[in-house]
Amino acid sequence: MLQNYLKIAFRNLLKNKVYSFINIMGLAAGMAVATLIGLWIWDELSFNKSFKNYSKLGQVQLYQTFNGQRGPQSAIPLPLAKALKNYPDLKEVALASWDFEHIVAVNDNKFTKQGLYTEPNLPKMFSLDMLNGTQNGLQDINVIMISESLAKSLFGSTDVVGKVIKLDNKANMSVTGVFRDFPYNTQFRNISFFLPWKYYLSEQDWVRNSESIWDNNSWQCFVQLNEGAKFESASAKFKDLVLQNMPKENRSLNPEVFIHPMSKWQLYSDVKNGKYEGGRITFVWLFGIIGVFVLLLACINFMNLSTARSEKRAKEVGIRKAVGSVRGQLVNQFLSESVLTVVLAFIVSILLVVLSISWFNELANKKMVLPYTNVYFWGIGLVFILITGLLAGSYPALYLSSFEPVRVLKGTFRVGRFAAVPRKVLVVIQFTVSVTLIIGTVIIYRQIQFAKDRPVGYDRNGLIYIMMNTPELYNAKYQTVRNDLLNTGVVEEVSTSTSPVTQSWSNSVGFEWEGKDPNAKPLFTTIVTSFNYGKTVGMEIIKGRDFSSEFKTDTAGVIINEAAAKVLGFENPIGKFIKWTGNDGRSLQIIGVAKNMIMESPFTPTRPAFYFLNNSWASLYNVKIKNSANVSSAIDKIGAVFKKYNPGSPFDYKFVDEDYNDKFAAESRIGKLATFFAILAIFISCLGLFGLASFVAEQRTKEIGVRKVLGASVFNLWQLLSKDFVYLVLISCVVAIPIAYYYLSSWLEKYEYRTEISWWIFAMAALGALSITLLTVSYQAIKAALENPVKSLKTE
C-alpha cells in the first residue's frame, strides 16, 4: 500500500511541475532557515560546555552602587580570593589577571598573543586538554603553558615541553605543557598561553602592594563548587566579605560578593535593576520563534496550494471513495504526498545549508559546521521531516478526504463561498510575519545609525594606536621616538596614554572636591596622557585650555569632560581643585573642560572622565596620520621607527575607526540576520502568492473571457484579479504594525541612547509589502488578461 501511495505521489508531483517546484523550494527555504537557526541556537546553548566542570564553575563578582545606580562588575580585590579559600562550599579558588597581549618569541618567530597570569590550579579547574605535559605546569616562576596553535607557530610541533620562549623581549620561560586550543564558542577562545601568578607578582610591584587592599578591584577570580553546593547559597555565606573589610569611607558603594555561574556568562549578560537579567537568551528565543514562523510560512504555502487545487482533485477523491476507499486511506495518501514533498525539500535544504553556512558563520560570527556524522542530527532531521510533513499536509489531507463522492461524480460539487476563507487567513498570517520582520529590520538599522551619528568628541580618521611593552619608550626615549615619527613627514601629531581613545581601562571613586556630598561615590574614568594628546586625538576643549608644555604647573592639572563637570556641580570649574585620594591624596587644578568622548558603548551616556598628565604611566602611543599621506606608505614609515627603537617586538597597530565600528558589531549582526530572515520570509510568502495568483487566474479563465468579450480592459481585469490579494496584505499590515511597535519599543528600552519609532517606518513597510504583492500577482493577472477570450471560452 505504501508503495502505491508513493507511486501516485510521484506522479502528482511530475504532473504539476510548477506547483511542485513552488512547494519544494518554499519548504526547502523554510527548512534551511530553520536548520541554520537551529545550529545557531545549539551553538549559543552549548557555549562554554566544553569545560568538564561547566556546571560547577563560576566567576566571583561584585554588586556595587555608582552614581546612584547599582550593577555588577567582574573585577575584585586580591585579598577577597585568599579569604574565599577558607569556605567549604568552594572546591577551588583561582586568581587571574585580565587577558593582555604579550610578545612571545623563539628566535625570529615573534608573535603578539593574548594570555593570562593565573594561579596553578586554574588549568585543572578549566580541564585543559593536555597534548603534552600536565595540568600542573604553573608551579614554578619562569614557566609557561601554551596552546597547540601557538606551539606549532613557534616550533612547528607540539612536542615542545622543556623548550624556551622569550616573553616580552626580557624573560626566558620554559614550556611545561601544551594544551588543545579552546573551542570558538567560549570566552577564552583567544587565550594562547597561561603564565604563573608567581611571575606576575615578581614583575609587578603594584600587584604585590595590593595583596591587603580591599578596595582595589583589578583582578578576576574563578571558583569551582564542591559537589552538592549551590551558587546562591554559597554566595550568601560571603556576600558581605568586602563590605566588612574595605575602608569605611568607601562603604557607601555597598559591595556584595556573588558567584556568576559559567552557564550564565553568555546568555545572561544584560543588567536590569542592578542584576544580571536577560541578554543573548532573548535572541535565542527570538530567532527560535522566527525559525518556527519562517517554516510555518512555507507550510502555509503547501496548505494553500493543496486546498486551492481541491476542485482539480475532487473527481479523483470521488472515484476512490466509489470503489471502496475509506477516508483513512485517503488521508494516508495525501499525507504520503506531503511527506514525500518534505523529504525532497529536506534534501534541497541540506544543499542550501552547505552552500550558505560559511556566509552565515561570517554573518553571525560563528564557526558552526553541519554535523554529518552525528546520529542525533539525522534523528532530529527525521523528526523534523515528519513534523513538517504532518504540519503541512494534515489540513489538506483532512479537507480533500471529506468530499462527498455522489456530488463530485454528478458534477454538482463546488467548493463553496467560504472554502477560500482558511486560505485567506493563512495569507494574512504569512504577510503579518513578513511585514513585522520588515519593520524590525528598519528600526534596528535606524538605531545603529542613530548611535553612529552621535558626536564622538574626537577625530577617528587617520588615528592609530600602538601597544608597546617597553617602559623606556614612554620615559627616556619618548621625545626621541616622537621626533622621529614627526620627521617621517606622514605624521601630524604623536602622544601617549594609558588607554585607547575608544576604551576605558581605569576607573576610580577616590576623588574629593568642594561641596561634594559625603555619601556620594561617583565613578570617574581616569586617563593619563602626555602633552599633545588633545591635538593627536582631536579633543575639543570648550572651556579653559589643553595641557601645554609652556605651563610647568600642568603636571598638577586636570582636564575634565562635560559629564564630569555636571557631577562636580561647579558653575565655573576652571581653576577649581579636586583631590585624588587614591593617588597620594594630591590636589589637582582643573585647567579645561573637554567635550564628552565616547569611550564605551555608543548607546549609553558618557561616563564622567578626568585627564591627567604623566607620561611614565602610559601603555600605548597615539599617532595621527596626515590626511594627505598614503596610509599604507605611512604605516611602513611609522613601523620602521618603532622597529628601530624596539627591534624585538612585532609592530602591531590598530585603527581607531575600526575599533569604534566594533562597538556596533552585535547590533549590526542582529540587523543583518533580521534582514536575511525578512528577505527569506518575503520570498517564501511571494512564492505562495505567485502560486495562488496562478491558480486563481486559471480558475477564472472563463469569467475573464466573458468579461473581455463584453469590453473589459486589461486594467479592469488586472484590478479584478489583484484586489483580493491587496485587501489581504492591508489586513496583514493592520495586524503587524501594533505587534511590531510593541516588541520593538520593548527592545529599544534597553538602550539609554535610542532612536524614535516614526510613523513613516510603518507606512514604508506597508507600501513595500503592497508593492511586492502587486509585482508578484501582476504577472499572472496581466498574463490572464492578455489571453485570447475565444481560446479560453472554447476550451471551457
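The discussion below moves from the whole chain to two single residues.

Modeller: This is a predicted model, in which local features need pLDDT of at least 70, side-chain atom pairs count only at pLDDT 80 or more, and totals for chains, interfaces and linings use all residues. Residues are numbered from 1 along each chain as its sequence is written, and side-chain values use heavy atoms, with hydrogens and water left out.

Biologist: How many helices and strands are there in the protein chain?

Modeller: Helices (H or I, at least four residues) and strands (E, at least two) are DSSP runs, numbered from the N terminus. Here the protein chain has 25 helices and 26 strands.

Biologist: What share of the residues is buried?

Modeller: Buried means under 20% relative accessible area, exposed over 50%, and partly exposed in between (1.4 Å probe, protein chains only). Of the 796 residues in the protein chain, 52% are buried.

Biologist: What do the contacts join?

Modeller: A contact means heavy atoms within 4.5 Å. Among contacts between residues at least 6 apart in sequence, 78% join residues at least 24 apart.

Biologist: Which residue has a phi near 45 degrees, and where is it found?

Modeller: That residue is Ser127, whose phi is positive although Ser127 is not a glycine. Ser127 lies in the loop between helix H4 (122–125) and strand S6 (130–133), and is buried at a relative accessible area of 16%.
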